[in-house]
Amino acid sequence: MKHQTLSLYDYHVWANQRIFEHLKELPQDIYQKEIQSVFSSISEVLAHIYTADTTWLSVMSGDGFDEITKLRNQLREKTKGKSIEEMVTMFFNLSERFKAFFDRQGNLDQAVFPEHPNFGRLETNLFELVQHVVNHGTYHRGNITAMLRQLGYPGIMTDYVVYLYAMKTKR
């Protein structure tokens, strides 16, 4: 049986792919269209998810706060103005980096101790950090659905149970 950490992360990748596939079916200008919402555009939401996911991979890898802060600033620049196709590639490459990281881990239940200058040291484990990554992505995919509806377009279901049904039919 697949480790729960890997299954949860696979759901996150699947849900992001569903969002991208759905966006590609809509008029091209929707992706970068300015909107009065939580984010200024759907492209900004996806750039935020990408930046956060990359940041958390660095945290899980044991990088320090200063290094991560520098990385976040670089990622904000790297994602600016990217097309949907470029973001799909970036998300795919990031998911490959996550999978390679998981493959290198001998114990996916291992304790990790990220430190933050304002919050201090956290004693947690890889599963809880992956759960945070997935939860964060789910929240912002919900933002995208709300933004699409605000623009007059339907969202796409990315609920975890939909993923479970989709995986069941692939077996």
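Does Ile84 count as buried or exposed, and what is its relative accessibility? The close-ups below, taken from a predicted model, start with this residue.

**View 1. Ile84 in helix 4.** With a relative accessibility of 10%, Ile84 counts as buried, because buried means under 20%. Look also for Gln28: this residue lies 56 residues away from Ile84 along the chain, yet their C-alpha atoms are separated by 9.0 Å.

**View 2. Helix 2 and helix 4 side by side.** Two packed helices are described by the angle and the distance between their axes. Here helix 2 covers residues 42-60 and helix 4 covers residues 84-104, and their axes come within 11 Å, crossing at roughly 20°. Angles under 35 degrees count as roughly parallel, so helix 2 and helix 4 are roughly parallel to each other. Their crossing is left-handed.

**View 3. The salt bridge of Glu77 and Lys80.** Side chains of opposite charge can pair when their charged atoms come close. In this pair, N and O are 3.1 Å apart. Glu77 is exposed at 53% relative accessible area, and Lys80 is exposed at 55%.

**View 4. The salt bridge of Arg121 and Glu115.** The closest N and O atoms here are 4.0 Å apart. Arg121 counts as exposed, with 56% relative accessibility, and Glu115 is exposed too, with 55%. The count of salt bridges comes to two.

**View 5. A nonpolar patch on the surface.** Meet its members: Tyr160, Val161, Leu164 and Tyr165, which together have about 400 Å² of accessible area. Val161 sits in helix 6, residues 160-170, and counts as partly exposed at 45% relative accessibility.

Technical notes
Residues numbered from 1 in each chain as written. Predicted model: local features only at pLDDT ≥ 70, side-chain atom pairs only at ≥ 80, totals over all residues. Heavy atoms only, no water. Patch = residues over 30% accessible without salt bridge, like charges linked within 9 Å, V, L, I, M, F, W, Y side chains within 5 Å. Areas by Shrake-Rupley, 256 points an atom, 1.4 Å probe, with all protein chains shown as cover. Salt bridge = Lys/Arg side-chain N within 4 Å of Asp/Glu carboxyl O. Helix = DSSP H or I, 4+ residues; strand = E, 2+ residues; numbered from the N terminus. Buried < 20%, exposed > 50% of the residue type's maximum accessible area, 1.4 Å probe, protein only. Axes fitted to C-alpha atoms, helices over the stretch in contact; angles between N-to-C directions. Parallel < 35°, antiparallel > 145°, perpendicular 65-115°, else oblique. Left-handed = near helix turned anticlockwise from the far one by under 90°.
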